[in-house]
Amino acid sequence: MPSIDAGRMIADLRRLRTFGEYKTGVHRPTYSPEDVAARHWVAERMAEAGLTPVIDGIGNVIGRSPVDGPRLLIGSHSESQNHAGWLDGALGVVYGLEVARAVHSDADGAGLAVDVVSFADEEGHYGAFTGSRSLCGLLDDAEIDGLANRSDGTPLRAALERAGFAGRAREQIEPARYKGFLEAHIEQGDYLERANLRLGIVTSIVAIWQYRIQVEGEQNHAGTTRMAVRKDAGLALVRLAAAIDRRFPEVAGERTVWTTGRITLEPGAPSIIPGRAEMLFQFRDADPDRLVLLKRTLEQLVEEADVAGPCRCRLDVVSRSVPKLMDARFQDALEEAAERHAPAAHMRMPSAAGHDAQILARRMPAGMLFVPSIGGISHHWREDTREEDIVLGCQVMATAAVTILRS
Ligand SMILES: [Zn+2]
């Protein structure tokens, strides 16, 4: 069994935090100077670990093992959300590095190959899973041409140029060469902490179904229009939102979540009755049957509101993903390793957040391991995980990696 070097791994994590350090977290958006510097540092660490690193045309950093044997890809993303935590993504990249070093220097690891990856833009500053989709052949040049930074509008092509990645080939994964992909990540919620557990074996990554609800009323004077004849689109929409929140608990699963991300009223002035209202709504679950039930319920509620009047209500699908199952054998290997290093301190659980593993799962078997987030805090500079849990998670990844590679 390969033993990780906890001191070396923690030192790497801390070093990675210095790129774009912000309070106790980091501000390292995709292709920012800090992100680019961090990617070059990751590539250097890969080379020091005996891997052959490449930073490709989309900014993915891939370190390939020279060993010619069963091969596993391990990693995550190294950019961060704006003014966010130091572990989101970075943890999985550094685990990859450490597992590669531990496996390659261990007698048990002879003949086994661990490749390491740091994907670009998982956090979606430009696209959605831009780097992992590129590696999996799910991102074409036309889409890259159309993408721009969500905050400042910089075209992706210009950002790649400035980062020094333009003109480089985009690496493609060869699924046949791999046993699969492993990703470790902070949980980003508080299920593990509340259960007093230290490791989560991910069973599936939830689907996200997004909708736009539009209400058509009649714009009019806020003083002279009698209440009885008004068609207030804003009021109708808020009533509908309240109805959803009342009905959904009756059809929701244990972990179903739903969110009203945005409500806009038009024209949005204090003395005008809103003539139009729009709401962006999403729900998440890992169970396909549950998703359909939630969808039917939403359709029904919108129809009821439409029929009741006096405003017209319409529901449009924005996007619907499918739950991505993690490989059953990978789950077993992770669970077995978790039980070995932390008996009874682990559980199987779905991931409520999206991760690069859901993209890789379209090409090869994939597995994910969670470590607890203190207070369930994430996408915030205060995000953290207890050091003993960080160390434990890395050791479990190394043990599981060898089991998977030997299987
Ligand atoms: Zn992440």
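Me: Which rings get linked into a cluster by ring pairs?
Reply: Trp209, Tyr211, Phe248, Trp258, Phe281 and Phe283 are linked that way. Rings of Phe, Tyr and Trp (its six-membered ring) pair if their centres lie within 6.5 Å; planes under 30 degrees apart count as stacked, over 60 as edge-to-face and the rest as tilted.

Me: Before I go on, what sort of model is this?
Reply: It's a predicted model, where local features need pLDDT of at least 70 and side-chain atom pairs count only at pLDDT 80 or more, while totals for chains, interfaces and linings use all residues. Residues are numbered from 1 along each chain as its sequence is written, and side-chain values use heavy atoms, with hydrogens and water left out.

Me: OK. How many aromatic pairs does the structure hold?
Reply: Ten. One of them is phenylalanine 119 with phenylalanine 181, edge-to-face, at 5.9 Å centre to centre and 65° between the planes.

Me: Is phenylalanine 119 buried or exposed?
Reply: Buried, because its relative accessibility is 0%. Phenylalanine 181 is buried too, with a relative accessible area of 0%. The cut-offs are under 20% relative accessible area for buried, over 50% for exposed and partly exposed in between (1.4 Å probe, protein chains only).

Me: And what about phenylalanine 248 and phenylalanine 281, what kind of pair do they form?
Reply: Also edge-to-face, with 5.7 Å centre to centre and 80° between the planes. Phenylalanine 248 lies in helix H8 and phenylalanine 281 in strand S13, so this pair ties together parts that are 33 residues apart in sequence. Phenylalanine 248 is buried at 0% relative accessible area, and phenylalanine 281 is buried at 2%.

Me: Which strands does H8 lie across?
Reply: Helix H8 (residues 233-251) lies across S9 (207-216), S11 and S13, at about 15° to S13. Axes are lines fitted to C-alpha atoms, for helices over the stretch in contact, and angles run from 0 to 180 degrees between N-to-C directions. Helix H9 (residues 288-308) packs on the sheet as well, touching S9, S13 and S14, and its direction makes about 160° with that of S14. Contact means heavy atoms within 4.5 Å.

Me: What's the strand order in that sheet?
Reply: S11-S13-S9-S14, an open sheet with antiparallel pairing. Two strands pair if DSSP finds at least two bridges between them. S11 (257-266) and S14 (312-320) stand at the edges with a single partner strand each, so one side of each has no neighbour in the sheet.

Me: How many bridges join S11 to S13?
Reply: Nine, and the two strands run antiparallel. Threonine 264, for instance, has glutamate 278 in S13 as its bridge partner.

Me: Switching to the metal: what coordinates the zinc ion?
Reply: His77 (NE2), Asp88 (OD) and His185 (NE2), at 2.0 to 2.1 Å. Donors are N, O and S atoms within 2.8 Å of the metal (3.2 Å for Na, K and Ca), and water is not among the atoms, so sites may look incomplete.

Me: What spacing do those donors follow?
Reply: H-x10-D-x96-H along the chain. Histidine 77 is in strand S5 (residues 71-77) and histidine 185 in strand S7 (residues 180-186), 108 residues apart.

Technical notes. Helix = DSSP H or I, 4+ residues; strand = E, 2+ residues; numbered from the N terminus.
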